Amino acid sequence: MGNRSKNLIIAGNWKMNKTPKEAEILINKLKLENKNPACKTVLCVPFIDIPVAISLTKNTSISIGAQNCYFENYGAYTGEISAEMLKVIGVEYVIIGHSERRIYFNETDEQINKKIKSALNSGLKVILCIGETLQERQNNIIGEKLIIQIKNALNQVAESQIANIIIAYEPIWAIGSGRTPNKAEINHICEIIRNTVLNISKISAEKISILYGGSIDSKNAKEILAQPNVDGGLVGGASLDIEEFLKIINCVIN
Ligand code: PGA
């Protein structure tokens, strides 16, 4: 896969952080100081920040994403937001299946599959998160776990839609912990993920984007993003600090 041309994507996952005012300050700074327009930047912000984020990023290389959506389009689902509603206001991406939603909100592979289909049918691009626990890693079943998660997530997804899914490999033990797998391991696992998608669908390897996520920061970003099978990063904590986030975006040109 070494000769694949890469279109790097850096996505920030703000999780449950930043008010609309704080979002405005961060995005204005990002627009001023982003020296790398060739790198696609996606900000996955809390629902309440979406309107301000969209209006501030019109005609820039920055896209806006949500962190979740529901799988029905409308109806009596108190507290939920549908993919259709996100699309109507100009959202381009949605994170689906983040481990925090799987763990704290009991999201199952079946629900994740329904959310993916709903998001794709609404015209959103999906950032699908998969990853193993520490125990699964110690038991040497990383590949098996990820293959099951991918197959369940993509079950009956139209082949023509698969190119609209970005897969983020996020080892659960690496999220927010300051620890990461080593770069060779990240590359190897991202290759397993790519081959799994290639086995399921007939799309070309170029059309599959795979991000790494879990404790990316300005110190480790360059070597992780340089791995041939890594097409970008999903950045949590370090995306909340604009200086740190800019260093990650800009490191790939320096
Ligand atoms: P982290 O989070 O960068 O803070 O480890 C990544 C994520 O959860 O997407």
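**View 1. Strand β3 and its parallel neighbour β2.** Two strands are said to pair when DSSP finds at least two bridges between them. In this predicted model, strand β2 (residues 40-44) and β3 meet that description, pairing in the parallel sense over 4 bridges. Within this pairing, cysteine 44 stands opposite glycine 65 of β3.

**View 2. Strand β3 and its parallel neighbour β4.** β3 also pairs with strand β4 (residues 93-96), again in the parallel sense, here over 2 bridges. Glycine 65 has tyrosine 93 as its bridge partner in β4. A right-handed β-α-β unit is made by β3, helix α3 (residues 83-88) and β4.

**View 3. The two sides of strand β3.** Strand β3 (residues 62-66) is mostly covered, with 5 of its 5 residues buried. In a regular strand, side chains alternate between the two faces of the sheet. Here Ile62, Ile64 and Ala66 point one way from β3, while Ser63 and Gly65 point the other way, and all of these residues are buried.

**View 4. The largest pocket and its lining.** The largest pocket has a volume of about 470 Å³, and of the 15 residues that line this pocket, Lys15, Met16, Gln67, Arg101 and Phe105 are the closest to its centre. Helix α4 (residues 99-104) gives the most to the lining, contributing 3 residues. By residue class, the lining of the largest pocket divides into 8 nonpolar, 4 polar and 3 charged residues.

Definitions and conventions: Residues are numbered from 1 along each chain as its sequence is written. This is a predicted model: local features need pLDDT of at least 70, side-chain atom pairs count only at pLDDT 80 or more; totals for chains, interfaces and linings use all residues. Side-chain values use heavy atoms; hydrogens and water are left out. On a 1 Å grid over the protein atoms alone, a cavity is a set of points where a 1.4 Å probe fits but cannot get out, and a pocket is an open set with protein on both sides within 12 Å along at least five of seven lines; lining residues have an atom within 4 Å of a point. Grid points are joined across faces, edges and corners, and a volume is the space filled by probe spheres set on the points. Ala, Val, Leu, Ile, Met, Phe, Trp, Tyr, Cys and Pro count as nonpolar, Asp, Glu, Lys and Arg as charged, and the others, Gly among them, as polar. Buried means under 20% relative accessible area, exposed over 50%, partly exposed in between (1.4 Å probe, protein chains only). A crossover is right-handed if, with the strands pointing away from the viewer, the path from the first strand over the helix to the second runs clockwise.
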